[in-house]
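Have the viewer open while you read.

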Amino acid sequence: MSHAEKDSFGAKLGMWLFLFTEMLLFGGVFILYSVYLTRYPKEFGLGGHQLDLVFGATNTVVLLTSSLFAAMSVTAIKRGAKQLTLGLLSGTIGCALIFLFIKYLEWSAKFHHGIYPNSPKLIAGPPGESIFFSLYYLTTGLHGIHVIIGGILMTWTAVMVQKGMLNSADNVTLENVTLYWHLVDLVWIFIFPLYYLIL
Amino acid sequence: MSQDTAMAQGGFWRDTRRSGIGSWIFSTDHKRIGMMYLYCVLSFFLVGVVLGFLIRLELIAPGPTIVTAQTYNALFTVHGVVMIFLFIIPGIPASFGNLVLPIQLGARDVAFPRVNLLSWWLYAIGAVIVLVSLFTGGGAPDTGWTFYVPFSARTSTNVSLAVFGVFVLGFSSILTGINFITTIHRMRAPGMTWTRIPLFTWSLYATAWVQVLATPIIAITLLLVVTERILGLGLFDPNRGGDPVMYQHMFWIYSHPAVYIMILPGMGVISDIIPVFSRKPIFGYKMIAFSSLAIAAAGSAVWGHHMYTSGMSDLGVLVFSFLTFIVAIPSAIKVFNWVSTMYKGSISLEAPMLFALSFILLFSIGGLSGLILGAAATDIHVHDTHFVVGHFRYVMFGGTGFAFFAAAHYWLPKYYGRRYKEKPAIVGWILMFVGFNVMYFTMQVLGMEGMPRRYYDYLPEFTRLNVVATVGSWILVAGIVIVVWNLWRGLFRGEPFTGNPWGGATLEWSIATPPPTENFDEDPVVTHGPYEFKGAGIP
Ligand code: HEM
Ligand SMILES: [Cu+2]
């Protein structure tokens with residue numbers, strides 16, 4: 001296989017490699033998490049209890065739904081159902097917005113209680129607690145950035161679908177963006193139990 | 001370069017839809033991208049050389065000589081950052097890799113030409129950010145290229161911006177790695193089986209995996225430094241319950257594998273050059289190919305040997321020391337195979353070969369000194385002394401640096417259609433080789449005697465050897481100037497270079513000189529291995 005025709009297998013291979021690097025990026029934070037968890041198990045437990053389980057759980061459901069929409073959009077475009085594809089993609093993007101909005105509510109509530117990086121309250125508290133919240137903001141912040149990037153990519157693919165540049169014959173871009181979205185979802189599936197459900 | 005000279009050269013130089021600078025910075029042709037990398041990388045190398053020259057000059061005598069202590073700290077930091085992140089990591093893979101890899105595989109381009117262009121842009125943007133960080137904010141970073149916390153979290157110099165620049169550079173490196181892996185898996189010409197892939201490309205394959213798997217860790221680590229500085233997260237701050245040694249772990253989990261990003265492509269260059277100039281097939285092709293992968297794999301598990309003195313557990317030290325010795329095995333296999341290839345070969349000592357031979361010697365010295373560092377007992381004695389500096393100059397400059405010049409003398413005439421003059425090349429090489437050893441060997445002795453690294457001042461009894469090392473740096477720089485000037489002049493105005501004068505059997509020697517935009521007029525079908533000179537039907 002050398003060139004000329006489009007190599008969609010190659011494109012997906014490249015995407016998978018890229019997703020690997022993203023997992024490793026988050027892996028770095030998770031390494032820190034595991035080291036500090038063994039050092040401060042009690043404080044991490046207490047910190048976890050202060051996070052809002054309802055917000056977290058809702059967001060988990062929202063993201064899982066969005067992933068489902070995204071997966072269905074791939075099937076839809078392969079069948080040539082353009083309108084359905086667009087609808088499903090809008091669904092995904094809508095979920096992304098809801099997710100970010102809930103995250104915003106959650107963060108501002110925390111800020112309101114004086115819990116934010118380097119806040120006087122955290123500095124005064126036990127060291128493990130401030131580490132927990134630093135990691136919390138770091139991980140969810142990084143994840144949030146990925147949600148935003150994913151949302152932008154989704155919007156861009158939706159425009160391409162609308163213009164007919166992605167269609168039943170040529171849709172590897174949509175597939176790749178969907179893969180990216182699944183990664184964003186997957187990372188959250190780790191974040192949720194590690195931070196919200198701990199102990 | 002003047003447009004006319006480029007035009008006269010034909011091939012991919014001429015053939016273009018756009019014209020002027022746009023035909024370069026927006027080109028998705030892997031050869032043009034490779035050329036742009038080459039020019040950038042070489043310019044940064046020269047910048048780095050000037051900075052290194054100044055550092056050595058400052059050290060010619062104890063006490064203040066030419067700069068203040070703060071400037072000295074900035075000098076060695078910027079020197080390190082430029083040499084590591086702007087020269088040696090992208091050096092061979094991004095420039096020669098882009099120039100040569102697709103052709104060696106029989107492909108018309110890499111798998112993702114536009115991503116390739118994006119990588120170059122990211123490299124250029126990252127480099128600009130790093131350069132801007134030198135002159136803005138609180139001034140050039142003064143942390144050393146490792147950005148160790150807590151100092152990097154506290155210093156008022158422009159660390160955040162520099163670190164962000166390095167982050168962008170890392171992204172560029174990841175994309176190049178992904179591109180090369182995909183290209184090698186998907187774009188090989190018919191008949192190009194895995195055991196017919198030229199060893200240079202093989203080494204880039206192993207390198208690309210390291211790029212993809214290790215770089216994200218440095219990316220997150222550097223982001224952590226930035227957040228530490230801007231938001232005060234305290235993750236590495238012992239007062240807040242953080243642990244600075246965690247930074248070192250994360251930094252070296254990347255940076256030790258990164259030394260293989262630096263050296264593996266160099267080894268690949270040597271594996272391609274030695275057989276051609278010995279007129280013999282390479283000895284132990286498979287061993288060399290797989291030892292690249294072995295180095296990449298084993299090299300990912302030895303980062304702790306940079307931290308013997310930072311308070312790891314004794315067991316940790318023992319394990320890391322043991323693993324470190326294991327990495328030496330595949331490296332030694334390669335050296336053994338190169339030497340065996342030359343045995344009874346008809347060796348022609350032209351410039352590429354001279355650089356390749358000096359690579360073997362210098363890399364061996366560097367590797368052996370690595371073993372001294374790898375054994376915890378001896379490392380504790382020489383850790384953070386000039387011995388370490390000498391060690392990694394031997395592997396990185398003596399290794400990769402010389403391989404870079406070997407590659408330049410070997411491949412560039414192919415891409416320009418003109419060649420440099422042989423005599424100045426050899427004179428330059430001699431000066432480089434002599435100056436290099438005078439300088440770095442002396443530094444290793446200094447380290448053994450206890451001279452610490454990164455110190456602005458030293459005890460008077462070290463003066464004599466420091467003078468020797470500084471004089472060595474002058475000889476070295478003279479050699480570099482001659483070599484670069486000779487290449488530059490020769491490639492634009494030298495004798496025409498056509499056909500296959502070196503007699504290589506890899507695919508790049510079977511196409512026109514300089515290569516046409518599409519590389520191959522007709523898609524090649526590969527029928528023989530890369531070092532079967534007789535079967536290749538090549539004069
Ligand atoms: C057999 C192979 C090698 C061994 C056993 C080895 C071992 C070591 C050890 C133990 C250190 C840490 C010394 C200390 O800080 O006290 C070190 C430093 C270093 N090595 Fe190697 N090394 C090897 C090959 C290489 C190669 C191939 C490269 C690069 C191309 C390299 C680049 C470096 C660098 C950059 C440092 C210094 C980092 C710093 O602290 O700034 N080494 N080596
Ligand atoms: Cu190392």
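Which side chain does A:Asp7 meet in a salt bridge? The partner is B:Arg186, with N and O 2.9 Å apart. (A salt bridge here is a side-chain nitrogen of Lys or Arg within 4 Å of a carboxyl oxygen of Asp or Glu.) This pair crosses between chains: A:Asp7 sits in the segment before α1 (8-39) of chain A, and B:Arg186 belongs to helix α7 of chain B.

Some ground rules. This is a predicted model, where local features need pLDDT of at least 70 and side-chain atom pairs count only at pLDDT 80 or more, while totals for chains, interfaces and linings use all residues. Residues are numbered from 1 along each chain as its sequence is written, chains are lettered from A and ligands numbered from 1 in the order in which they are written, and side-chain values use heavy atoms, with hydrogens and water left out.

**Where the chains meet**

The count of salt bridges between chain B and chain A is 2. Besides the pair above, B:Asp243 bridges to A:Arg39, with the closest N and O atoms 3.1 Å apart. Over all chains, the whole structure has 10 salt bridges.

In terms of contact (heavy atoms within 4.5 Å), 34 residues of chain B touch 33 residues of chain A. The two chains bury about 2,900 Å² between them, and 71% of that is on carbon and sulfur atoms. B:Arg186, B:Leu235 and B:Arg240 supply 23% of the area that chain B buries against chain A, more than any other three residues. Buried area means the accessible area (1.4 Å probe) that two parts lose on being put together, summed over both.

There are also 7 residue pairs in polar contact between the chains, both residues at pLDDT 80 or more. (A polar contact is a pair of N or O atoms within 3.5 Å; within protein, one must be able to donate a hydrogen and the other to accept it, and residues adjacent in sequence count only if both atoms are side-chain atoms.) On the chain B side, the elements giving two or more residues are α7 (159-186), α8 (199-231) and α9 (244-278). α8(B) gives the most, with 11 residues. By class, that side divides into 21 nonpolar, 7 polar and 6 charged residues. The classes put Ala, Val, Leu, Ile, Met, Phe, Trp, Tyr, Cys and Pro as nonpolar, Asp, Glu, Lys and Arg as charged, and the others, Gly among them, as polar.

Chain A itself comes to 7 helices and 0 strands, counted as DSSP runs (H or I of at least four residues for helices, E of at least two for strands) and numbered from the N terminus. Its C-alpha atoms fill a box of roughly 60 × 35 × 25 Å along the principal axes.

On a 1 Å grid over the protein atoms alone, a cavity is a set of points where a 1.4 Å probe fits but cannot get out, and a pocket is an open set with protein on both sides within 12 Å along at least five of seven lines; lining residues have an atom within 4 Å of a point. Points are joined across faces, edges and corners, and a volume is the space filled by probe spheres set on them.

| Space | Volume | Lining | Top contributor |
|---|---|---|---|
| Second largest pocket | about 1,100 Å³ | 45 residues | α12(B), 9 residues |
| Largest cavity | about 630 Å³ | 33 residues | α4(B), 8 residues |
| Second largest cavity | about 170 Å³ | 17 residues | α7(B), 6 residues |

Nearest the centre of the second largest pocket lie B:His256, B:His305, B:His306, B:Leu373 and B:His391. Its lining has 24 nonpolar, 17 polar and 4 charged residues.

The search finds 4 cavities of 30 Å³ or more. In the largest cavity, the residues closest to the centre are B:Ile55, B:His79, B:Val389, B:Arg393 and B:Tyr440. The lining of the second largest cavity has 11 nonpolar, 6 polar and no charged residues.

**Backbone details**

The peptide bond from B:Val149 to B:Pro150 is cis, with omega near -5 degrees; B:Pro150 is in the loop between α5 (113-135) and α6 (151-154) of chain B. Another cis bond runs from B:Thr513 to B:Pro514, with omega near -15 degrees.
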